[in-house]
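These are my notebook entries on one structure. I set down what I looked up, entry by entry.

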Amino acid sequence: MALGLAQRGFRGRITAISVSPEASDLPPDELERRLIELGFTEGAQVEVLHEGLFGRDPIAVRVDNATVAIRRREAMAILVS
Amino acid sequence: MTAVAESEPLRFALIGTPNSGKTALFNALTGSRQKVANYPGVTVERKSGMLQTPGGHSVNLIDLPGTYSLRARSPDEEVTRDFVLGRFASEATPDLLLCVADATNLRLALRLVLELKRVGRPLLLVLNMIDIARRRGIDIDLDRMTAELGIPVITAAAVRRGGTDDLMRRLDELAATATDAHEATSWKQPTTGELRAAQREADRIIAAAVKTPSKPDTLTTRLDSVLLHPVAGLVILLAILFVMFQAVFTWAQPLMDLINAGFDGLGALAHTALPEGLLQSFVENGIISGVGSVIVFLPQILILFLFILLLEDLGYMARAAFLMDRIMGGAGLHGRAFIPLLSSFACAIPGIMATRVIDNPRDRLTTILVAPLMTCSARIPVYTLIISAFIPNKTVWGFASLQGVVMFGLYAAGIVSALGVSALAKFLFWRESPTPPFMLELPDYKLPRPRSVLMGVYTRAKMFLHRAGTTIFSMMVLIWFLASFPRPPAGATGPAIDYSIASWLGHAIEPVTKAIGFNWQINVALIPGMAAREVAVAALGTVYAIEGGKENAAQIGQALAHHWPLATALSVLVWYIFAPQCASTLAVIKRETGSWKWMALTFGYMLALAYIASFATYHVAVALGAG
């Protein structure tokens, strides 16, 4: 499942980073690099801690030891289980 | 080491991920011996400071903008990359790179270290905030980490007394052995595969050298469950803003009165000390009141930056951006634009300066473009004067004062138009270019350190004063010139401004401003009002031949009520929401964007908005019988 669809309280591990061309306005390769630079790598533990008010967007995600804010749109590229 | 190298200070550079406590470490190492300038050609702050190692070596320490990688994505990060790689023509390659990492959050920092190793410069890893890490039971095996990374690793607690002693001793050793030998850099843009491999390697080293208790920082988690709550979080954010505004307006007032009185006194002194004539007018009205009208905002700017820096150090600013992202995003603004726009309520100048926190150039330009639409405090004297003269002080809806409602309406109009303009700018200029994603690390909460915060406020104050002394000052002189030349002929009876270029301009544009209900007196007052909006109040007093300047606002109000129809008053109010009536703001826009184009664009669109809105207001008001 994509992290972008996860509810608050979801816990899991990242299985893959898979960027489809329409996932973001950034080039897929660039988005992938930025996600990796923020610690979204295969095997990392994630937990959705918080959601925004409107459209429950953006989300605050615990990635191993750090917390990262990200929009659901970009989080669609992060596959979790 | 050669004799030359001995006398030249060594150059060490601080590099690190955002929130690594890099700036706190910089402050701790250099104290107040800091210099803030700009890198040539870009509006990125270059912070440097001198330090003396225990062994007597002088080191010039440069604080580079925070970055997750050398793969630069913003002007700030480009500076870091170019500096580290020695690509700046004006900057020598650093003799040592100090990579700063938050000891409680090593994953991303270690990946950066692995990337920095490829640069081929001497490298040292500083594990900052080691005190917090120890308190949380995080156990770091320094020897193992040193062995794994192949570079020296040292711990520090920048905010503790004596927390940098070990680091200082190590810097001393490294300074003694520093050489000019350059290893060729093997750094190149990493691919996604290389980034992944580096992260895996970093994770492996952490697994080998760091023992982390399974429990994360519970305080941050508990605070966030309230502060990031979808509803409660927004309510708290609004409450914080409310307190901030109260502080900016009420705490600053006594100080501002004091500064005003000081400059008035200085002006009076110059008036009596100098012989009547051009020099007297230049010193009194050009220099003293011109500079005074800008410096008077210093207390507000200091209080505003005190709040911003406190919230930033606390770790709350990233949360505010998180809470506001969707609301701002609807108008094409970045969540981070929130802070600069908020600052612009005090004054657009610090607001525009604060846009440096936005890393995407496009978002930054949009924010700069709309920042002057936020109702700054310089508009307040103008609003108050006209509202108290024209709007009856009666109660509406049973509880609200009509004057208060009008004031609120003026603020709201500014905010709504700012959102509208940014949405339009996005549509017009950046329809084709990608929307940058909102991705931001939310750091753990930390108690701000007074020393570090005060140092930041002091730096801002220095920058503001420097600007007031250069760019803004030259604008003031120009405006004084327009309002003073040519001199009135001998035996002239009217106020001197009636004979000046300003007056000529005021008359010349009267046919254009007639349509929005402005007479030539208003036009003339608008020109010195370019120095700072509230100067228009005193200028109106001058053109209506009322002595006493701004102290005499009540009397000026009476004169206006006598001379202007209500429709004109409303038109002037609306004009002030939009009009680019501030030379200093325009000067700062030019400086921050590095281009005349953006300054001209801001000036042009604001002028057009002001004219259209005033035109509509005036004609609707006349049609309703207020002409």
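**Entry 1: conventions.** I noted that the model is predicted, that local features need pLDDT of at least 70, that side-chain atom pairs count only at pLDDT 80 or more, and that totals for chains, interfaces and linings use all residues. Residues are numbered from 1 along each chain as its sequence is written, while chains are lettered from A and ligands numbered from 1 in the order in which they are written. Helices (H or I, at least four residues) and strands (E, at least two) are DSSP runs, numbered from the N terminus.

**Entry 2: helix α1 of chain A.** I looked up burial, where a residue is buried if 20 or more other C-beta atoms lie within 10 Å of its own, exposed if 12 or fewer, and partly exposed in between, with C-beta atoms placed from the backbone. Seven of the 10 residues of α1(A), residues 28-37, are buried, so the helix is largely enclosed by the rest of the structure. The buried residues are L31(A), E32(A), R33(A), R34(A), L35(A), I36(A) and E37(A). After α1(A) comes G39(A), with a positive phi near 100°.

**Entry 3: the contact of the two chains.** Two residues are in contact if their C-beta atoms, placed from the backbone, lie within 7 Å. By this rule, chain A gives 32 residues to the contact and chain B gives 29. On the side of chain A, α1, β2 and β4 each supply at least two residues, and α1(A) has the largest share, with seven. I sorted this side by class: 13 residues are nonpolar, eight polar and 11 charged. Ala, Val, Leu, Ile, Met, Phe, Trp, Tyr, Cys and Pro count as nonpolar, Asp, Glu, Lys and Arg as charged, and the others, Gly among them, as polar.

**Entry 4: a sheet with strands from both chains.** Strands of a sheet pair through backbone hydrogen bonds, either parallel or antiparallel. Two strands count as paired if DSSP finds at least two bridges between them. Which order do the strands of the open sheet have? I read six strands, β5(A)-β1(A)-β2(A)-β3(A)-β4(A)-β12(B), with antiparallel pairing. β5(A) and β12(B) stand at the edges with a single partner strand each, so one side of each lacks a neighbour in the sheet. From one strand to the next, the twist averages 40°; angles run from 0 to 180 degrees between N-to-C directions, and axes are lines fitted to C-alpha atoms, for helices over the stretch in contact. β3(A) and β4(A) are joined by five bridges, and four bridges join β4(A) to β12(B). I70(A) is the bridge partner of I59(A) and also stands opposite M439(B).

**Entry 5: residue S377 of chain B.** I located S377(B) in the loop between α16 and α17 of chain B. Is S377(B) buried or exposed? It has 20 C-beta neighbours inside 10 Å and therefore counts as buried. S377(B) touches Q300(B), A346(B) and C347(B), not counting residues up to four places away in sequence. Its C-alpha atom is separated by 8.8 Å from that of S344(B), which is 33 residues apart along the chain.
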